[in-house]
Number of protein chains: 2
Amino acid sequence: MSMQSELGEGPAIVEGLLDGALGRVRALAAEVTGRDIDLVVIAARGTSDHAALYGQYILGARNRLLVAPAAPSLVSLYGAAPRLRNALVLGISQSGRSPDVVGVIEESRRQGALTAAITNDPSSELALAAEHLIELQAGPERSVAATKTYLAEIAVLAMLSAALSGDDASEEQLRALPAALRLALETEAVVAKFAEARADDDECAVLARGFHYATAREWALKLKELAYVLADPYSAADFQHGPIALVHPGLSVLGVATTGPALSGMSEILNRVSEAGARLLVLSDDEAICSIGDGVLLPRVPEWLSPLVAILPAQLFAYHLARARGLDPEAPRNLSKVTLTL
Amino acid sequence: MSMQSELGEGPAIVEGLLDGALGRVRALAAEVTGRDIDLVVIAARGTSDHAALYGQYILGARNRLLVAPAAPSLVSLYGAAPRLRNALVLGISQSGRSPDVVGVIEESRRQGALTAAITNDPSSELALAAEHLIELQAGPERSVAATKTYLAEIAVLAMLSAALSGDDASEEQLRALPAALRLALETEAVVAKFAEARADDDECAVLARGFHYATAREWALKLKELAYVLADPYSAADFQHGPIALVHPGLSVLGVATTGPALSGMSEILNRVSEAGARLLVLSDDEAICSIGDGVLLPRVPEWLSPLVAILPAQLFAYHLARARGLDPEAPRNLSKVTLTL
């Protein structure tokens, strides 16, 4: 049961980061400000790419930084690196061993960009390639599908956003997170019950918008990896541009929506999808939205931190759905822990 | 049968763009070069967002431009615009009426960025908001799901890349495209046969890498919109990071791979997926790759232009699959032509 216990480590990991990594994060933020950087490029794959997506939204909305995905293939396949001039280039990788992510950092450093590695292995190639290193401090991840390191990655990005904004309120909000994460873990019994009720679903759509688009992407990936459910993640905005055609009575639709500017639009689309006969499961800190379908009530935190809280019940749902489907979430087929994309 | 006839208009549309839009594209390229711009931000939704993805790869690989998605929600939901300084900001929209895309262009222009609209409606809000206008000249799109305008959008981006590189070879390669597009349309009988054989598939994965990642995304969207197939697009690189767990005997997997740096990696993963028992359909200009599964042989063009050639059989497949499944591709359920995302 190593995955379930690793999920339980989340609050302590975030606490550890707030104690142990804040200095390094502040040093990186000071250099971003000092060099008047307004562009962040992020190289990442798989789960870490979803962390990057969270970074795109919070660094954009809170710090007015433009965040671009690195498209690591450009360097690794085509040998063509975009000109980077005055950018912060982040490489995010649990293992620190994705050659294409390392390649982007090496090329960026060659061009004189500011580079930083966010990784769980401080002696990895990625850690050695970058100027700045922020260690995830999550301990070894024994389960093949990344769960606690996703939480640690987005926690580091939230800390970076707070350090860049430099206001005390953000830091206080961060300090209150571990308590909220513990409350989020208490949803497990409800989540497991909903998972059992959906054991026969082979497909589903996962909808969110804004800060939670990353949550939807990562939730869908876990559902695929662990429960072999063909889970399709969408920005609710894009969903209306076509995929809504797929909704039919009985289709399982999962939604994430917490208090903030995206809430009313999400409420509208979830109601529309429900009226079309979909079976909804909603993660939300808003009781009215929870009542549109099966609802998992989340502890309320400031919107920019809500993806940290929401991902725990989402991961637990994927874990319990896998078990309800008679699968072993510890040993997904065809998967290995480190993927060497070249 | 308006969609089928609109698909047939592709070669003439590209011919028309090469005759009628090259001047405006060159004027835009001259301003990008003159202002020493090395960052492109693209605002788009749905199908146009897949065109943006093609733009990200070719402008990066061929012109060393860093391309960032605009995340229109940042402006429309959070009222927070990243600082843009010296960027080219492109708004891509068939109708020119997506309020959030218009919002990004308006905000960018306010900040002093270079702005351009790529749209089928020269009197639309988007066209009026931007400094530069490149008209798609595709004629009215009668079918609800966008097909010919996707081709026109990526043709304009290819023309922009050629104009920025300023070499005669690129322009000659563009001039040869309409003939290759006509050959690509001749695959229709083969494509229709494969579509009929897969009429019972309710799900599939669509794999590609590099320049064709956009093709995979757009193909999957058409399969959802028209044939109600839960089609999941992946970068083949990301696919190995988890979703490969989903492959089981009999799963339908569609792949796109043409001659270039991505070919050998694609060959490897398609062979691996085939050995795991998947039923492969491959679009390729390489006979060896075609022979891994059901193969549709594409006319060979330079790699950067191959997404224009590959999308036609992909769209035809979605069209014929819809008909084989007893659906009306002209009237997908729940869809409307213009989506007003706010």
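Mentor: Happy to! In this predicted model, the C-alpha centres of domain 1 of chain A and domain 2 of chain A are 25 Å apart. Domain 1 of chain A covers 3–175, and domain 2 of chain A covers 179–324. To the contact between them, domain 1 of chain A gives 31 residues and domain 2 of chain A gives 27 residues.

Let's turn to area. The size of an interface is often expressed as the accessible area lost when the parts come together. Here, domain 1 of chain A and domain 2 of chain A bury about 2500 Å² between them, and 73% of that lies on carbon and sulfur atoms. On the side of domain 1 of chain A, three residues stand out: Gln4(A), Leu7(A) and His50(A) supply 22% of the area this domain buries against domain 2 of chain A, more than any other three residues.

Next, look at the pairings across this boundary. One salt bridge is counted between domain 1 of chain A and domain 2 of chain A. As for polar contacts, nine residue pairs are found across the interface of domain 1 of chain A and domain 2 of chain A, both residues having pLDDT 80 or more.

Which helices build the side of domain 1 of chain A that touches domain 2 of chain A? At least two residues each come from α1 (2–8), α2 (10–20), α4 (47–63), α8 (148–165) and α9 (168–175) of chain A. The largest share of this side, eight residues, is supplied by α4(A). By class, the residues on this side of domain 1 of chain A are 19 nonpolar, ten polar and two charged.

Chain A can be laid on chain B by a turn of 180° and a shift of 0.0 Å along the axis, with an RMSD of 0.0 Å. The two copies are therefore related as by a two-fold rotation axis. Ala68(A) is the residue of chain A that comes closest to this axis, at 2.2 Å (C-alpha). Between them, chain A and chain B bury about 6200 Å², with 54% of it on carbon and sulfur atoms. The copies meet through the same surface, because 99% of the interface residues of chain A are also interface residues in chain B.

Notes. Residues are numbered from 1 along each chain as its sequence is written. Chains are lettered from A and ligands numbered from 1 in the order in which they are written. This is a predicted model: local features need pLDDT of at least 70, side-chain atom pairs count only at pLDDT 80 or more; totals for chains, interfaces and linings use all residues. Side-chain values use heavy atoms; hydrogens and water are left out. Copies are superposed by least squares on the C-alpha atoms of residues with pLDDT of at least 70 in both. Contact means heavy atoms within 4.5 Å. Buried area is the accessible area (1.4 Å probe) that two parts lose on being put together, summed over both. Domain bounds come from an automatic or database domain assignment. A salt bridge is a side-chain nitrogen of Lys or Arg within 4 Å of a carboxyl oxygen of Asp or Glu. A polar contact is a pair of N or O atoms within 3.5 Å; within protein, one must be able to donate a hydrogen and the other to accept it, and residues adjacent in sequence count only if both atoms are side-chain atoms. Helices (H or I, at least four residues) and strands (E, at least two) are DSSP runs, numbered from the N terminus. Ala, Val, Leu, Ile, Met, Phe, Trp, Tyr, Cys and Pro count as nonpolar, Asp, Glu, Lys and Arg as charged, and the others, Gly among them, as polar.
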